[in-house]
Amino acid sequence: MQEKRLLLKNTLVISIGNFIAKIIGAFYRIPLTNFLGGTGIGLYQMVFPVYALLLDFSMAVPTALSKNLVQIEEKKERQKYFYASLKALFFIGLFGMAFLIFFAKPISYLQGDKNAFFPYLFLAPSVFLVSLISCFRGFFQSKINMYPTAISQIVEQGVKLVFGLVLVNVLVASLTFSVSGATLAVTLSELIALTFLVVYYKKKTKERLYIKLEKTEQKKLTKHLFKTAIPIMLIGISLPISHLIDSFLIINVLKSYREDATLLYGLFSGSAHSVINMPVSVCYGVSIALIPLISKVKGKKKENGMSFSILLTLILSVPCFLFILFFADKIVNILFFRLDYTSKTTLIGLLKTMSPIVILLSLTQTTNAILISLDKSYRSLFNMLIAISIKIPITVILLFNQNVNVYAGVIASICAFLVATFLNLLYICIIRFNESREGINGYKVYKAW
């Protein structure tokens with residue numbers, strides 16, 4: 001019962017924090033777009049794919065660190081592991097920052113706009129800062145304390161909103177420097193978020209941030225962190241890669257028989273996905289709160305925690321699915337009121353068709369988290385790769401049907417998440433069945449599977 005209450009409480013904290021942060025972020029984009037204009041916002045968006053790529057490993061660290069730290073019983077050993085992780089991410093972040101500074105000019109030229117050089121320079125320090133932030137978030141999540149993560153997310157977005165709008169207006173004389181001001185605001189937001197986490201850490205733990213480690217011990221602990229974080233990172237980037245493949249397939253095939261291919265893809269990948277991702281981001285709180293909790297407990301408590309997390313995911317996602325299904329027209333008319341009638345009609349149809357993805361993607365996230373907590377990260381990754389390998393041919397086959405057109409991407413996505421969820425649930429059931437039958441971690445069926 002205590003585990004259920006903890007899961008519910010921490011899910012609520014991280015979900016509310018994530019939701020507020022996304023609302024602030026969405027609110028920020030409206031005046032930012034108005035100030036920068038189409039060219040400016042295009043330049044602003046140009047720098048983030050490379051930036052996001054450099055952050056891929058850092059984004060996996062909180063999950064990996066929370067899972068590993070919660071399993072270490074001795075306080076001194078936990079301190080060593082945390083410091084070793086912090087030191088490793090310090091140098092990784094430093095390398096990422098140096099890479100972005102050094103290659104800012106050639107990258108901007110390759111992207112086709114040399115004006116991206118200064119925005120890259122002002123954004124570069126945030127690569128380093130996010131690496132350190134990820135360690136502190138992982139530490140607090142291992143303590144089953146989601147407040148620092150939630151608050152720091154809100155702080156990030158709030159600071160970015162304030163400083164972004166101020167700097168964009170102060171540097172308004174030059175579009176390049178105005179955009180650079182917006183990227184500098186990102187760096188400032190990460191700096192203040194990191195300051196908050198360090199102060200909170202010192203106040204709550206009274207622990208030192210420096211511990212002397214032998215080179216062999218540092219290497220061993222870093223290797224252990226990487227072993228956990230790399231498959232989580234690969235799981236995390238599997239969806240963006242899938243979306244990238246969609247962008248090539250959908251636009252190019254649709255262009256062969258429709259003049260509005262880019263518009264249709266924009267409605268599918270931009271507008272519709274942005275609506276679907278809002279409730280999914282709330283359900284994401286379940287997976288964040290679940291991993292350290294399930295990693296910590298054993299036996300019946302672990303089983304109860306897994307079952308309750310799936311039930312909680314359904315309780316959160318099903319009403320959201322129904323809301324989008326039955327009120328898609330209201331959502332489109334409120335959020336996308338500037339679209340013309342034809343685009344609105346298409347978007348309403350896309351949202352209604354995509355609505356089951358809310359449940360399926362939420363379940364995929366939760367079951368991925370369960371497998372990660374059971375030390376089966378690579379199984380989760382393997383299942384995601386199977387799902388994506390099924391999605392691609394379905395997309396291609398259906399795209400050539402002119403009556404299906406852009407809905408091919410929707411149908412393929414539903415099939416992919418259905419497969420991923422099914423395979424994850426099947427594997428979880430196999431593990432639980434074998435543990436109850438043999439008491440040896442389901443070794444026989446695991447090997448067969």
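Biologist: In which helix is Thr-364 found?

Modeller: Helices are DSSP runs of type H or I with at least four residues, numbered from the N terminus. Thr-364 is found in helix H15, which covers residues 356–373. Please note that this is a predicted model, in which local features need pLDDT of at least 70 and side-chain atom pairs count only at pLDDT 80 or more, while totals for chains, interfaces and linings use all residues. Residues are numbered from 1 along each chain as its sequence is written, and side-chain values use heavy atoms, with hydrogens and water left out.

Biologist: Is Thr-364 buried or exposed?

Modeller: A residue is buried under 20% relative accessible area, exposed over 50%, and partly exposed in between, using a 1.4 Å probe and protein chains only. Thr-364 has a relative accessible area of 2%, so this residue is buried.

Biologist: Which residues is Thr-364 in contact with, leaving aside its neighbours within four places in sequence?

Modeller: Contact means heavy atoms within 4.5 Å. With those neighbours set aside, the partners of Thr-364 are Met-384, Phe-417, Ala-420, Thr-421 and Asn-424.

Biologist: With which side chain does the side chain of Thr-364 make a polar contact?

Modeller: A polar contact is a pair of N or O atoms within 3.5 Å; within protein, one must be able to donate a hydrogen and the other to accept it, and residues adjacent in sequence count only if both atoms are side-chain atoms. Here the partner is the side chain of Thr-421, at 2.8 Å.

Biologist: How many salt bridges does the structure hold?

Modeller: Side chains of opposite charge can pair when their charged atoms come close. A salt bridge is a side-chain nitrogen of Lys or Arg within 4 Å of a carboxyl oxygen of Asp or Glu. The structure holds five. One of them joins Lys-80 to Glu-77, with 3.9 Å from N to O. Both residues lie in helix H4 (residues 75–102), three residues apart, about one turn of the helix. Lys-80 is buried because its relative accessibility is 14%, whereas Glu-77, at 32%, counts as partly exposed.

Biologist: Which parts does the pair of Glu-156 and Arg-137 tie together?

Modeller: In this salt bridge the closest N and O atoms are 3.1 Å apart. Glu-156 lies in helix H8 (residues 147–170) and Arg-137 in helix H7 (residues 125–142), so the pair links parts 19 residues apart in sequence. Glu-156 is buried at 11% relative accessibility, and Arg-137 is buried with a relative accessible area of 11%.

Note on methods:
Helices (H or I, at least four residues) and strands (E, at least two) are DSSP runs, numbered from the N terminus.
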